[in-house]
Amino acid sequence: MPRVIHFEIQAEDMDRAEKFYRDVFGWDFQKWDGPFEYVLVMTGKESEPGINGGLMPRKGPAPQDGAPLNAYSCVIEVEDIDEAGAAILKAGGTEALAKQKIPGIGWSAYYKDTEGNIFGLMQPEGNAKQG
């Protein structure tokens, strides 16, 4: 069964966001050595329940004040990203960001559900299909 495996926080000012979460929750941050700017977020010990995430530059305007909900994006691990994407579209969801290869990790894509909520899919590299 697909599970939420990762969250992502988008930030206008990466350093400011990192400082906030470090000061408030004591989270640890580590720059990812990948092809784009991304910081890994460790929220606790691997032996304890919970998930880790990432901090990334915001790709558009910040959510407006007064909006009913601003949230982190959650990422769901799937066995076949193309199959999951097709199921999302068939169920009335829409593509938010096309599938892209994350070197050494797998394939990633983002969708909106029928309510406009954005979430990510991750197909681990061991299952990654080209194209």
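What share of the contacts in the protein chain with a separation of 6 or more comes from residues 24 or more positions apart? The share is 50%, where contact means heavy atoms within 4.5 Å.

## About this model

This is a predicted model, in which local features need pLDDT of at least 70 and side-chain atom pairs count only at pLDDT 80 or more, while totals for chains, interfaces and linings use all residues. Residues are numbered from 1 along each chain as its sequence is written, and side-chain values use heavy atoms, with hydrogens and water left out.

## The overall fold

Let us start with the whole chain. It has 2 helices and 8 strands, arranged along the sequence as β-α-β-β-β-β-α-β-β-β. Here, helices (H or I, at least four residues) and strands (E, at least two) are DSSP runs, numbered from the N terminus.

The C-alpha trace spans about 40 × 35 × 30 Å along its principal axes.

## Surface and charge

Of the 131 residues, 32% count as buried. Buried means under 20% relative accessible area, exposed means over 50%, and partly exposed lies in between (1.4 Å probe, protein chains only).

Turning to charge, the chain carries 13 positive and 21 negative side chains, and the centres of the two sets lie 1 Å apart. Lys and Arg count as positive and Asp and Glu as negative, with His and the chain ends not counted; each charge is placed at NZ of Lys, CZ of Arg, CG of Asp or CD of Glu.

Look for S73 in strand β5, which covers residues 73-77. S73 counts as buried because its relative accessibility is 11%. Leaving aside neighbours within four places in sequence, its contacts include H6, F7, Y110 and F119.

Next comes D80, in the loop between β5 and α2. Is D80 buried or exposed? D80 is buried, at 15% relative accessible area. A polar atom of its side chain lies 3.0 Å from the backbone nitrogen of D82.

Finally, G92 sits in the loop between α2 (81-90) and β6 (94-102). With a relative accessible area of 44%, G92 is partly exposed. G92 and G126 are 34 residues apart in sequence, and their C-alpha atoms are 29 Å apart in space.

Conventions:
Polar contact = N/O pair within 3.5 Å; in protein donor to acceptor, adjacent residues only side chain to side chain.
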